[in-house]
Amino acid sequence: MGSVIDLIVAARASGRKMLAVLIDPDFGADQDLLERTVQNACMAKADLIFLGGSLLTSTAFNRCVELVQQWSDRPVVLFPGSPAQLSAHADAVLFLSLISGRNPELLIGHHVTAAPTIRAMGIEAIPTGYMLVDGGKPTTVSYVSQTVPIPHDKPGIAAATAIAGELLGLRTIYMDTGSGAERTVSSEMIAAVRKSVDLPIIIGGGIRDVATARSLCEAGADVLVVGTAFEQDPEYIFAMSEAVHA
Ligand code: 1GP
């Protein structure tokens, strides 16, 4: 397998949209459900498996990543909520800077803590500008990160933030309204960021149905991340994958 960022960039260049199935490591407590989710992601040809969460209560994170890697023929990418969520069993890690926030720990502090471990594990780090967007209610990530999300109706702020991320040399922009959000990032905001930067755009938070997924792709999203909807129904991965790839 080549690098994950190269896969994402190549898909974007060919106009192919990608689906990432997000697995909360805590969900590894139910091993049968975890296995079924991974199997469905593979059978449905979802493009990536993301693993992580903003609040980690599982003590078996590394074992969960190991199992997912064992069952999966898709790249396994960590989406860490903290420097504790690293594992050599992963193919890559989103090296997230929370550029919508002004919390120095999430702009550089955790990176310094995690960097030697990532280097020693030899996993690919993908420099990612992570932008939290208001999704209608406070989410775990907004609470845990202690940051104020970008207002839902301010595409200009999102565009300016994304440009700053691109100028800083980040390789991708991830806009997220948070897990279980009432609203997704708006099409207007995605379109504004799409016009402003030449980076792959990852969108997550509150994506529950195929019609919404299609409209976000049309607005300019390159990778859609879905977690909650698949936790509730792992069979929905098939319909979602078909919609994203249509
Ligand atoms: C959250 O983007 C992810 O960080 C996924 O959100 O659980 O709402 O799909 P959902």
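Helices (H or I, at least four residues) and strands (E, at least two) are DSSP runs, numbered from the N terminus. The model is predicted: local features need pLDDT of at least 70, side-chain atom pairs count only at pLDDT 80 or more, and totals for chains, interfaces and linings use all residues. Residues are numbered from 1 along each chain as its sequence is written, and side-chain values use heavy atoms, with hydrogens and water left out.

**Exercise 1.** Find the place of Lys45 and of Gln146, and state the phi of each.

Solution.
Step 1. Lys45 sits in the loop between helix H2 (31-43) and E2. Its phi is near 55 degrees, a positive value in a residue other than glycine.
Step 2. Gln146 belongs to the loop between helix H5 (140-145) and helix H6 (155-167). Gln146 is not a glycine either, yet has a positive phi of about 50 degrees.
Step 3. Most residues other than glycine have a negative phi.

**Exercise 2.** Describe how the strands are arranged and what packs on the sheet.

Solution.
Step 1. Two strands pair if DSSP finds at least two bridges between them. Eight strands close into a barrel with parallel pairing, in the order E1-E2-E3-E4-E5-E6-E7-E8.
Step 2. On average, neighbouring strands of this sheet are turned by 30 degrees against each other, direction ignored. Axes are lines fitted to C-alpha atoms, for helices over the stretch in contact, and angles run from 0 to 180 degrees between N-to-C directions.
Step 3. Helix H3 (residues 61-71) packs on the sheet and touches strand E2 (48-51) and strand E3 (76-78), contact being heavy atoms within 4.5 Å. The direction of H3 makes about 155 degrees with that of E3.

**Exercise 3.** Identify residues that surround the ligand and give its distances to Gly180 and Thr228.

Solution.
Step 1. The ligand is surrounded by 13 residues, each with a heavy atom within 4 Å of it. The closest are Asp176, Ser179, Gly180, Gly227 and Thr228.
Step 2. A polar backbone atom of Gly180 is 2.8 Å from an oxygen atom of the ligand. For an N or O atom in the side chain of Thr228, the distance to a ligand oxygen atom is 2.5 Å.

Note on methods
Polar contact = N/O pair within 3.5 Å; in protein donor to acceptor, adjacent residues only side chain to side chain.
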